[in-house]
Amino acid sequence: MRPRLTLVSTAVVALVSALLLWLGWLLVGGVARAVPSLPPGTTVRVGDVAVPAEQLQDAVGAAARADVLRAGLIAFPLLVVAAAVVSWVLVGRVLGPLYAVTATARRLTVESLDTRTGLRDARGEVAELAAGFDAMLDRLQAAFDAQRRFVANASHELRTPLAVLRTEVDVTLADPAADVAELRRMATVVRDATRRADDLIAGLLLLARTEGAELAEVRPVDLAELLAPALAGVRADAARRGLRVQVRTAPAPSRGDPVLLERVAGNLLENAVRHNVAGGWVDVCTGMRDGCAELQVASSGPVIPADRVPELFEPFRRGPVERTGDTPGSGLGLSIVRAVVQAHGGLVRAEPVPGGGLAVTVRLPAG
């Protein structure tokens with residue numbers, strides 16, 4: 001780009017200079033013709049040549065044009081060379097930030113995403129380009145860091161049930177006196193561990209399917225109608241833990257994938273029950289607000305600092321204290337909720353409840 005820009009600017013300067021030289025040549029000739037005429041028969045010396053008075057104007061014009069042409073033939077190449085040198089230097093200074101951006105892009109690897117252009121003195125469009133490139137690198141680094149954390153957390157979560165399985169099987173096989181009761185106890189532990197691994201894998205697959213993907217099925221749905229199966233799935237656990245469940249439903253029509261939206265309601269209710277305290281409460285309501293279909297699930301529970309609430313939407317992030325339930329969750333519930341809601345073009349937010357607990361609100365475009 002630098003040689004091309006230099007060539008273009010030099011050609012423009014050469015064209016303008018040639019045009020000015022031609023105009024000067026014409027103007028000098030015209031001015032020379034305005035010389036006053038002398039009496040006929042007299043002789044005038046123009047330079048070293050004696051010229052009759054009748055040819056004075058033509059001789060002066062020709063001499064002036066020759067002088068202009070000689071001076072122009074000397075100045076023209078010098079001006080073109082100077083324009084080429086100046087253009088090369090200036091274009092290099094202008095394109096310097098672009099070279100820095102290119103060099104930074106070439107140095108980038110997965111391990112060096114923290115590299116930035118470092119352009120502080122750039123101005124105008126180049127500064128905007130450098131700032132946009134650095135912002136893109138910030139997003140890429142955040143995405144790769146999140147991916148690393150996700151893979152590390154997923155590996156850790158999967159190793160836990162596998163370790164339980166291996167330990168139980170090894171201990172039981174090492175006991176020659178293991179009876180039917182011991183084998184049944186081992187089978188129960190193995191069943192629970194495999195169920196936890198299956199739930200985790202199912203959650204990972206659902207999260208991968210909904211993050212950044214288009215919906216496979218879109219049709220009218222009512223969030224109020226999706227609550228029935230979700231409530232049926234947690235009603236037994238809520239009753240066993242003595243939770244008071246209050247449901248207030250109003251039509252909340254929207255459009256989307258019914259299976260995924262039902263999973264949203266199910267995850268919110270499961271979290272509300274699992275993260276609750278003994279004798280606590282759960283409040284569920286649906287309706288329309290500001291032209292959007294809204295589902296809100298609020299519940300009592302441990303006190304959650306406001307600055308910790310956004311972390312709960314990250315994969316494998318759990319509440320700050322131990323749950324009341326016997327079966328630990330995978331830590332993917334709210335991550336799946338956020339991914340599904342974003343895939344539907346909606347918003348989800350969570351707020352701590354005064355005195356302990358969490359209120360999660362899902363808003364989707366009206367159907």
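Helices (H or I, at least four residues) and strands (E, at least two) are DSSP runs, numbered from the N terminus. The structure is a predicted model, in which local features need pLDDT of at least 70 and side-chain atom pairs count only at pLDDT 80 or more, while totals for chains, interfaces and linings use all residues. Residues are numbered from 1 along each chain as its sequence is written, and side-chain values use heavy atoms, with hydrogens and water left out.

The protein has seven helices and nine strands, and 34% of its 367 residues count as buried, where buried means under 20% relative accessible area, exposed over 50% and partly exposed in between, for a 1.4 Å probe and protein chains only. Among contacts (heavy atoms within 4.5 Å) with a separation of 6 or more, 70% come from residues 24 or more positions apart.

Five of the strands form an open sheet with mixed pairing, in the order 4-6-7-9-8; two strands pair if DSSP finds at least two bridges between them. At its edges are strand 4 (244-248) and strand 8 (347-352), each of which pairs on one side only. Neighbouring strands of this sheet are turned by 10° against each other on average, direction ignored, with axes taken as lines fitted to C-alpha atoms, for helices over the stretch in contact, and angles running from 0 to 180 degrees between N-to-C directions. Strand 7 (residues 292-299) and strand 9 (residues 358-365) run antiparallel and are joined by eight bridges, and Ala-293 has Leu-364 as its bridge partner in strand 9.

Strand 9 also holds Thr-361, which counts as buried because its relative accessibility is 3%. The side chain of Thr-361 makes a polar contact of 3.0 Å with that of Gln-296; such a contact is a pair of N or O atoms within 3.5 Å, and within protein one must be able to donate a hydrogen and the other to accept it, with residues adjacent in sequence counting only if both atoms are side-chain atoms. Not counting residues up to four places away in sequence, Thr-361 touches Glu-294, Leu-295, Gln-296, Leu-347, Val-348 and Arg-349.

Helix 6 lies across strand 6 (281-289), strand 7 and strand 9, and runs at about 20° to strand 7. This helix (residues 258-274) has 17 residues and reaches 24 Å from its first C-alpha to its last, close to the 24 Å expected at 1.5 Å a residue, the expected span being 1.5 Å times one less than the number of residues. Helix 6 is mostly covered, since twelve of its 17 residues are buried, including Leu-261, Val-264 and Leu-268.

Leu-268, in helix 6, is buried because its relative accessibility is 3%. Leaving aside neighbours within four places in sequence, Leu-268 is in contact with Leu-295, Val-297, Leu-334, Val-337, Val-360 and Val-362. From C-alpha to C-alpha, Leu-268 and Leu-295 are 9.8 Å apart in space, and they are 27 residues apart in sequence.

The loop between strand 6 and strand 7 contains Asp-290, whose phi is near 55°, a positive value in a residue other than glycine. Most residues other than glycine have a negative phi. Asp-290 counts as exposed because its relative accessibility is 68%.
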